[in-house]
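Visitor: I'd like to go through this one label by label and hear what backs each of them up. Can you put it on screen?

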Amino acid sequence: MHGRHLFIAWMLTALCMPLPSQATEHPGELEIAVITDVPITAATTELLQQAYQRLGVTMRTLYAPSRRALMMADKGLLDGDLFRIARVAYDYPNLVRVEYPLLQGELRAVVRPGDGNLLDSPKSTPIKAAVRLGIIIAEQTAKTMGMKPVQANSYEQARTLLESGRVDIALVSDIEGFGPLALSSWQEFELLPEPLATFTLYHYLNRRHESFAKALPAILTDLEEEGLKTEILSKFREKQREWRSEDYVTENPGTDSAPPASPSLLKRLLYFL
């Protein structure tokens, strides 16, 4: 009799608990990792917030270094990552790619004036290339082309490395016309005419939010057809002119930065330090 009472109590408890799909796939708020607060990040955040609103979800952002952001999203400490290249879906098995081409980008090569033929002439030693830490497409391209990657914590640091002669070339991402190349501080350098690589960026979610990943492509397509995506990108292209080079540094977010991390989130971040 005692065992039967325990079984009934267990059943009642189980019936009162939310189903896994209810608890994990349909929250009222998602926290998404972003690398740094530059115009393209701010523009994409606004676009995705509009998309999530149509699902009845509030999207917030949390800043984290690039690799750490991916690990946190993959381990479920955060709900997803704002945007990454396509191959991330293969390298991080707990991340689900939202199958909508969010943004198009190019990896551009920048050299000092007069070094425009740097990639064409024979070399006795590998070309030293400044790459932004955690920008996977830049790291991969440098290695594929036989360059020696020199990691920079920010694009401003990459610019300084190039200016001082400590590297021969800087690999810089240009996404939909957004990026540090729009800043006046980069105008003194020579931009090689052809991109080294092109890429598509996708939004990623932790696997527990797979239902959102399936719903978002249709919503994002609607937003694009309604002209909202073009409107948001245009607005932030204008704003880009006001941003300073310091706003491209991970450690110093700009004016559209996310709310400060809560103490609990800061503890989770320390796990990856």
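Visitor: Which backbone oxygen does the side chain of T141 reach?

Guide: First, a heads-up: this is a predicted model. The side chain of T141 reaches the backbone oxygen of I137, at 2.7 Å. The cut-off for a polar contact is 3.5 Å, and 2.7 Å is within that.

Visitor: Where does T141 lie?

Guide: T141 is in helix α6, which runs over residues 136-144.

Visitor: Why is T141 called buried?

Guide: Its relative accessible area is 9%. Buried means under 20%, so T141 qualifies.

Visitor: What is T141 in contact with, leaving aside its neighbours within four places in sequence?

Guide: With L107, L196 and A197. Each of those has heavy atoms within 4.5 Å of T141.

Visitor: On to α9. What span is expected for this helix, and what does it reach?

Guide: Helix α9 covers residues 228-240, 13 residues in total. From first C-alpha to last it reaches 18 Å, close to the 18 Å expected at 1.5 Å a residue.

Visitor: Which residues of α9 are buried?

Guide: L228, K229, I232, L233, F236 and Q240.

Visitor: Why do you say the buried residues of α9 line one face?

Guide: Look down the helix axis: the buried residues of α9 fall within an arc of 130°, so they line one face. As background, an α-helix has 3.6 residues a turn, so residues three or four places apart point the same way.

Visitor: What is on the other side of α9?

Guide: T230 and E231 are there, and they're exposed, which takes a relative accessible area over 50%.

Visitor: And what do the buried residues of α9 pack against?

Guide: Against α3 (39-53), β5 (103-111) and α8 (210-225).

Visitor: How many aromatic pairs does the structure hold?

Guide: Two. One of them is Y52 with F212.

Visitor: Why is the pair of Y52 and F212 called edge-to-face?

Guide: The ring centres are 6.4 Å apart and the planes sit at 85°. Pairing needs centres within 6.5 Å, and edge-to-face needs planes over 60 degrees apart, so this pair meets both conditions.

Visitor: What makes you say the pair ties parts together?

Guide: Y52 lies in helix α3 and F212 in helix α8, so the pair links parts 160 residues apart in sequence.

Visitor: Are Y52 and F212 buried or exposed?

Guide: Both Y52 and F212 are buried. For the whole chain, buried residues make up 46% of the 273 residues.

How values were computed:
Residues are numbered from 1 along each chain as its sequence is written. This is a predicted model: local features need pLDDT of at least 70, side-chain atom pairs count only at pLDDT 80 or more; totals for chains, interfaces and linings use all residues. Side-chain values use heavy atoms; hydrogens and water are left out. Buried means under 20% relative accessible area, exposed over 50%, partly exposed in between (1.4 Å probe, protein chains only). Helices (H or I, at least four residues) and strands (E, at least two) are DSSP runs, numbered from the N terminus. A polar contact is a pair of N or O atoms within 3.5 Å; within protein, one must be able to donate a hydrogen and the other to accept it, and residues adjacent in sequence count only if both atoms are side-chain atoms. The expected span of a helix is 1.5 Å times one less than its number of residues. The arc is that of the directions from the helix axis to the C-beta atoms. Rings of Phe, Tyr and Trp (its six-membered ring) pair if their centres lie within 6.5 Å; planes under 30 degrees apart count as stacked, over 60 as edge-to-face and the rest as tilted.
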